[in-house]
Amino acid sequence: MPGPILRLALPSPLRRLFDYLPPAGVPASSLRPGVRLRVPFGRREVIGILVESGEHSEVPADKLKAATELLDGQTPLPESLLRLCQWTARYYQHSLGDTLSWALPVLLRQGEPAEARQEQVWHLAEGASADDPRLARAPRQREALKAIAQHVHGVPQALLGKLQLNRSSLELLLEKGLLRIEIRRCNAPPAPHHGSWLLQPALTFNDEQRIAFEAVRASLGSFHPFLLAGITGSGKTEIYLQLIQAVLEAGKQALVLIPEINLGPQTLARFERRFNARIALLHSNVSDRERLDIWLAARDGEVDIVIGTRSALFTPLKSPGLIILDEEHDASYKQQEGLRYHARDLALVRARQEQVPILLGSATPSLESLHNAHAGRYALLKLTRRAGGASAPRFLRLDVKSRPLDSGISGPLQQAIAQTLQAGQQVLVFLNRRGFAPTLLCHDCGWTSQCQRCDARMTLHQRHSELRCHHCGHVQRQPLRCPDCGKVDLRPVGAGTERAEERLNTLYPDYPVLRIDRDSTARKGSMEKLLATINRGEPCLLVGTQMLAKGHHFPRVTLVAILDADGGLFSADFRASERMAQLIVQVAGRAGRAGEPGKVIIQSHMADHPLLVQLTEQGYFAFAEQALSERRAAGLPPFSHLALLRAEAHKPGQAEGFLDAACQQAERLVNEQGLGGIELLGPVPAPMERRAGRYRAQLLLQSNTRPALHQLLGTLLPHMEQLPGGRSVRWSLDVDPIDLF
């Protein structure tokens, strides 16, 4: 058989490698793990990643196909990243080829060269000046030199036209030695000036910050996980910045993960103000070309700090020194489709493989992370005081039973808002519900705006005269008459951010009302404009969803109003109370972050509920200890381990039937392998059974030990792929699910 057998991971849901022969004329020495090859696959060609080579294949020799083309002279995928992807595929029971597709930039998956594009950048030569006597009679050259001098990092070739710089003038300046040309990567952050890494001096630590900083700095160069549990406003970001300074001074790179895109611009701006370094920002709105350029620059050590959302975890680093995961509790770190990984958990795995410390920061740590800290797996670092002498906000629970609500706003709350605005301060009104109203109701016959494709009501967005389903995305025009009885008395029921914004504009006409939710920030740059208005410090009202709860620093906000705190008190999801507590504490943390004291008013119909009382009077950590003891008694995570099999089909009963067959297979495997401590719960219809026109069901697997659960999953999934009902059902596996809906 000519040459070795190449075992490739292909972008396919099948959990296996595929055997091919080497391309014609390619030496075996060029075929190293991690290189990309173009191969025939069915009726098309795909890009595969070489995982290993062997001498034998289970495929008959006459059926083996040869790869078409070797795409890489050198391995584009570092060995450490390939190992991380292999671990990820094993742990989440996912196809390795599909896992690698999630990890690689889109253009590399499509076969683009793994090489950086080059561009010319014009710089001022050392000692050059517009007063040079050679420019006395060359006004155009003098003006061009002045324009170049204003750009300390140089002017790329693509910007010459926008700056109205004449190419011939630049070439004459080049001949005179007044300009120089640098060839560098496109879209790579500019190289820093020589000298200090700092553009701004670091702030002074208090005792708690100093202890936390020294503990992490002492571990640089080895794997140590730390949980930085600091109350809102305690100065966690300053610890991040000074640790990154230490990493840069050691010649290493830092990876900083943030939960959401909207935190990116302000995080980048803060880092750029502090550091004389090459900083890159990665998130889903970055173009495919920019992502590839940044990915390659980071791999080759030409980026010092990478900031990004969960997908940035797979960015290769030439010299990793530290991984920071801010707001580690946030559910946004969990991918909810395709490869259902959790960026927090994978970041820990990567830090261990790279032998670097990892810092998980949060004011409201997840119960899983607190449990790991109590068990000694993480070092716990606590910050109990706000930085700069600011005081913690004061909580007031406002019982709204029997009180009239005006678009969800009670009379006492309206008075508190008016007093705060008159004092020249800002108010944050929190309502975690988009749109104008959660539903539209006919007052005559009781009809409600039900989605035709989901078991859910459609939300009224009055500004666009639309009904929208927030689950499947279906949109229809707002009806003028009831579709059932034909009457015109259609009333919006409940309040969303649009309705709160409209009412606050009426109640406080002298003050701007700024709404911040997914709808109002959809356009590029809109979030930055809203934040710029807020940061001017003038009295205003901010109305928004959980987008306002995370990481923002609003020094002039002294009153936070939470319009409805009852949502998580009676949910069927065992994590609902934890999420509600985290959200309340995070939103409350926006108040009183500067010299003026803050106040938080929580409207509730259950103001005396034990959870709310404990949270507001004793704090988040008292709530967390109580919640952990309840989880331990109930045998729920983090004291057990879950995997969720989801299935959906076009016809009722199909998904449940498929999962019923899977459950029988699982029970047989449990008995055959003698796996104790595993429970199979279901199959049952999903809490929202019909979504986007499909009927959904789920089967929950719960185990006392993680190895037993993974042993079962490893043998169960191949059987599921062979089940007869699988062709008419779409199914998926979610290991360590955070959402059981």
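Reader: How much space lies in the second largest cavity?

Author: Rolling a probe the size of a water molecule over the atoms shows where empty space is left. In this predicted model, the second largest cavity holds about 30 Å³ of space.

Reader: Which residues line the second largest cavity?

Author: The lining of the second largest cavity is made up of G653, A655, E656, E689, Y695, R696 and A697. By class, these lining residues comprise three nonpolar, one polar and three charged.

Reader: How many cavities of 30 Å³ or more are counted?

Author: The count is two cavities at that cut-off. The largest cavity has a volume of about 50 Å³.

Reader: Which residues line the largest cavity, and which elements give two or more residues to its lining?

Author: Lining the largest cavity are P78, S80, L81, L84, P316, L317, R350, Q353 and E354. Helix 1 (79-91) and helix 10 (343-354) are the elements that give two or more residues to this lining.

Reader: How do the residues of the lining of the largest cavity divide into nonpolar, polar and charged?

Author: For the largest cavity, the division is five nonpolar, two polar and two charged. The corresponding division for the second largest cavity is three nonpolar, one polar and three charged.

Conventions:
Residues are numbered from 1 along each chain as its sequence is written. This is a predicted model: local features need pLDDT of at least 70, side-chain atom pairs count only at pLDDT 80 or more; totals for chains, interfaces and linings use all residues. Side-chain values use heavy atoms; hydrogens and water are left out. On a 1 Å grid over the protein atoms alone, a cavity is a set of points where a 1.4 Å probe fits but cannot get out, and a pocket is an open set with protein on both sides within 12 Å along at least five of seven lines; lining residues have an atom within 4 Å of a point. Grid points are joined across faces, edges and corners, and a volume is the space filled by probe spheres set on the points. Helices (H or I, at least four residues) and strands (E, at least two) are DSSP runs, numbered from the N terminus. Ala, Val, Leu, Ile, Met, Phe, Trp, Tyr, Cys and Pro count as nonpolar, Asp, Glu, Lys and Arg as charged, and the others, Gly among them, as polar.
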